[in-house]
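Visitor: I would like to learn how to read a model such as this one, feature by feature. Could you show me the structure and then take me through it?

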Amino acid sequence: MLPAFDCALNGVALSSLDSRLCVLDIRQDAPKHRAMQSFSGQRMRRPERDSLTLHIDLVLHEEEPIRRQALLSSVHAWAVGGGLLRCSDRPGQRLSVVCTGLAAMSAADWTEKMTLTFQSDGAPYWEDEAATTVSGSGAMVLALPGTAEAAPVDVTLVQQGGSAVTAVTISVGDTFLRFEGLAWQSGSRFQLTQADGLLRAEIDGQSVLPHRTVDSADMLLARCGADNTVQATADRALTATFSARGRYV
């Protein structure tokens, strides 16, 4: 658990860098949105979020300028690479960020407040650290938490039949992806992942995106705060795992 007013980036807490460092506040700007887009097979009713900006205010309790500058350099090294950010005011959630503003330091005023700025663009939502998962065969229900409109769903399929599968349809709620012209052998693994708005579909590491039908959705989306019917169907038996992280506005 993080103490009050602390952040961890890629598992490293800001407060752990030095005992002279103190986080004063965590501030989030209002999200920026872009014009709503229409995707085939999807009904997104809210404006699409474009970015989310977060500011971390801190002080360095070190009066000597050279030591203070060295301490600030360690803070910058912690921040500059970006990654997965966790904050004490959002337990159990994470945000994928890049650092867009490093803290500036005064040599004389050792009590000054300094600010780090992070921005999330590709997936600008706080999301659950732990994914919600359902596995089995046939129609199942993915009960996804969250307060955002929707979240992308990852899928892993294993072909259990004795001969090759040529077509498969994967559906989540009112979105679906269909792949045709496959040569999917028994025991092979079909993996569909969606990150930063990019879709990947592979069988044993080989892309099958060229086999996606034109009427397929751009991605599989599950409604947050709702029960979503999920299913994968083919001309052979399948076992399926559907996984998504709840998102929050």
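**Reading the model**

Guide: Leu95 has a relative accessible area of 1%, so this residue counts as buried, a word used here for under 20% relative accessible area, with exposed meaning over 50% and partly exposed in between (1.4 Å probe, protein chains only). Please keep in mind that this is a predicted model, in which local features need pLDDT of at least 70 and side-chain atom pairs count only at pLDDT 80 or more, while totals for chains, interfaces and linings use all residues. Residues are numbered from 1 along each chain as its sequence is written, and side-chain values use heavy atoms, with hydrogens and water left out.

Visitor: In which strand is Leu95 found, and which residues does Leu95 touch?

Guide: Leu95 is found in strand β7 (residues 93-101); helices (H or I, at least four residues) and strands (E, at least two) are DSSP runs, numbered from the N terminus. Contact means heavy atoms within 4.5 Å, and, leaving aside residues up to four places away in sequence, Leu95 touches several residues, among them Leu52, Gly83, Ser120 and Trp126. Leu52 is 43 residues from Leu95 in sequence, yet their C-alpha atoms are 9.4 Å apart in space.

Visitor: How should I read strand pairing, and which strands pair with β5?

Guide: Two strands pair if DSSP finds at least two bridges between them. Strand β5 (residues 48-60) pairs in the antiparallel sense with strand β3 (residues 21-28) over seven bridges, and β5 also pairs with strand β8 (residues 114-120), again antiparallel and over seven bridges.

Visitor: How many aromatic pairs does a search of the whole structure find?

Guide: Rings of Phe, Tyr and Trp (its six-membered ring) pair if their centres lie within 6.5 Å; planes under 30 degrees apart count as stacked, over 60 as edge-to-face and the rest as tilted. The search finds three aromatic pairs in the whole structure. In one of them, the rings of Trp78 and Phe118 have centres 6.2 Å apart and planes at 90°, so this pair is edge-to-face. Because Trp78 lies in helix α1 (residues 65-80) and Phe118 in strand β8, the pair ties together parts that are 40 residues apart in sequence. Trp78 is buried at 10% relative accessibility, and Phe118 is buried at 0%.

Phe179 and Phe190 also form an edge-to-face pair, 5.3 Å centre to centre with 70° between the planes. Both are buried, and ring pairs link Phe179, Trp184 and Phe190 into a cluster.

Visitor: How many disulfides does the structure hold?

Guide: A disulfide is a pair of cysteine sulfur atoms within 2.5 Å, and the structure holds zero disulfides. For Cys22, the nearest cysteine sulfur is that of Cys7, 12 Å away. Cys22 is partly exposed at 31% relative accessibility, whereas Cys87 is buried at 2%.

Visitor: Where in the chain is confidence lowest, and where is it highest?

Guide: The predictor's confidence in each residue is its pLDDT, from 0 to 100. The chain averages a pLDDT of 90, and 93% of the residues score at least 70. Confidence is lowest in strand β4 (residues 32-34), at a mean of 75, and highest in strand β11 (residues 140-144), at 98. Over residues 37-45 the pLDDT is below 50, although this stretch has 22 contacts in the model beyond near neighbours in sequence. Where pLDDT is low, the predicted coordinates should not be read in detail.
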